[in-house]
Amino acid sequence: PAPPSIEIHARAQPLIANIATTIARAATASFKRLTGISNYEWRILANIAERPAIRFTEVVQHVDSDKAQVSRTLDALVSAQLLERRRNAPGDPVRFTMTARGEHLYAVMREDALRRNELLESRMTATQRERLQTYLELLIVNAEAMCAESE
């Protein structure tokens, strides 16, 4: 006998991917409209805002991206006067910090991200949000186990 068929729409993975894609699309459109920067540039700015005076290698690790792409993006953000490069002393690694303009832009985008998150959760009760958090944490553990098994 053939194995039971599973409806594609009933599986967790495509549903999660759909939600993630929709959220990313909304964020990208919002970031471009509000500030003119991309979702990827936002990821880098957010990491630097949360980790002041971060080194290049740490930025690469936190955004989990190609060094060349991170370098080009950092150069663009420095040119746009959103970030600045600093060295504490000659020979020290270059560190990135937010400029006043970068901090303002980050605050605008952070507020918008929080607004969109509220909208995303708006029709859920507190109990539903707690359950969702529990289920998502379990899915993360399972996904990490799946990755470990694949290595």
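Me: What length does helix α1 (residues 12-35) reach from its first C-alpha to its last, and what length is expected at 1.5 Å a residue?

Reply: This is a predicted model, in which local features need pLDDT of at least 70 and side-chain atom pairs count only at pLDDT 80 or more, while totals for chains, interfaces and linings use all residues. Residues are numbered from 1 along each chain as its sequence is written, and side-chain values use heavy atoms, with hydrogens and water left out. Helices (H or I, at least four residues) and strands (E, at least two) are DSSP runs, numbered from the N terminus. The expected span of a helix is 1.5 Å times one less than its number of residues. Helix α1 has 24 residues and reaches 34 Å, close to the 34 Å expected.

Me: What makes the span of α2 agree with that expectation?

Reply: At 1.5 Å a residue the 12 residues of α2 should span 16 Å, and the end C-alpha atoms of α2 are 16 Å apart, so the two values agree.

Me: Which residues of α1 are buried, and what do the buried residues of α1 pack against?

Reply: Buried means under 20% relative accessible area, exposed over 50%, and partly exposed in between, with a 1.4 Å probe and protein chains only. In α1, Ala27, Ser30 and Phe31 are buried. The buried residues of α1 pack against α2 (39-50) and α5 (100-121). Buried residues of α2 include Trp42, Ala46 and Ile48.

Me: How many aromatic pairs are there by the ring rule, and why is the pair of Phe31 and Trp42 given its name?

Reply: Rings of Phe, Tyr and Trp (its six-membered ring) pair if their centres lie within 6.5 Å, and planes under 30 degrees apart count as stacked, over 60 as edge-to-face and the rest as tilted. By this rule the count comes to 2 aromatic pairs. The ring centres of Phe31 and Trp42 are 5.2 Å apart and their planes stand at 50°, so this pair is tilted. Phe31 belongs to helix α1 and Trp42 to helix α2, 11 residues apart, and the pair links these distant parts of the chain.

Me: What name does the pair of Trp42 and Tyr106 get from its distance and angle?

Reply: Trp42 and Tyr106 form a stacked pair, with 5.3 Å centre to centre and 20° between the planes. Trp42 lies in helix α2 and Tyr106 in helix α5, so the pair ties together parts that are 64 residues apart in sequence. Together, ring pairs link Phe31, Trp42 and Tyr106 into a cluster.

Me: Which residues is Tyr106 in contact with, leaving aside its neighbours within four places in sequence?

Reply: Contact means heavy atoms within 4.5 Å. Tyr106 is in contact with Trp42, Ala46, Ala49, Glu50 and Met98, once those sequence neighbours are left aside. The C-alpha atoms of Tyr106 and Thr35, 71 residues apart along the chain, are separated by 9.3 Å.

Me: What is remarked about the phi of Ala53, and what makes Ala53 buried, exposed or partly exposed?

Reply: Most residues other than glycine have a negative phi. Ala53 is not a glycine, yet its phi is positive, at about 60°. The place of Ala53 is in the loop between α2 and β1 (54-55). At 28% relative accessibility, Ala53 counts as partly exposed. Gln81, also not a glycine, has a positive phi of about 60°, and its place is in the loop between α4 (67-79) and β2 (83-86). Gln81 is exposed, with a relative accessible area of 53%.

Me: How do you know which class Thr97 falls in, buried or exposed?

Reply: The relative accessible area of Thr97 is 13%, so Thr97 is buried. Thr97 lies in strand β3 (residues 95-98). Not counting residues up to four places away in sequence, Thr97 touches residues including Ile48, Ala53 and Leu82.
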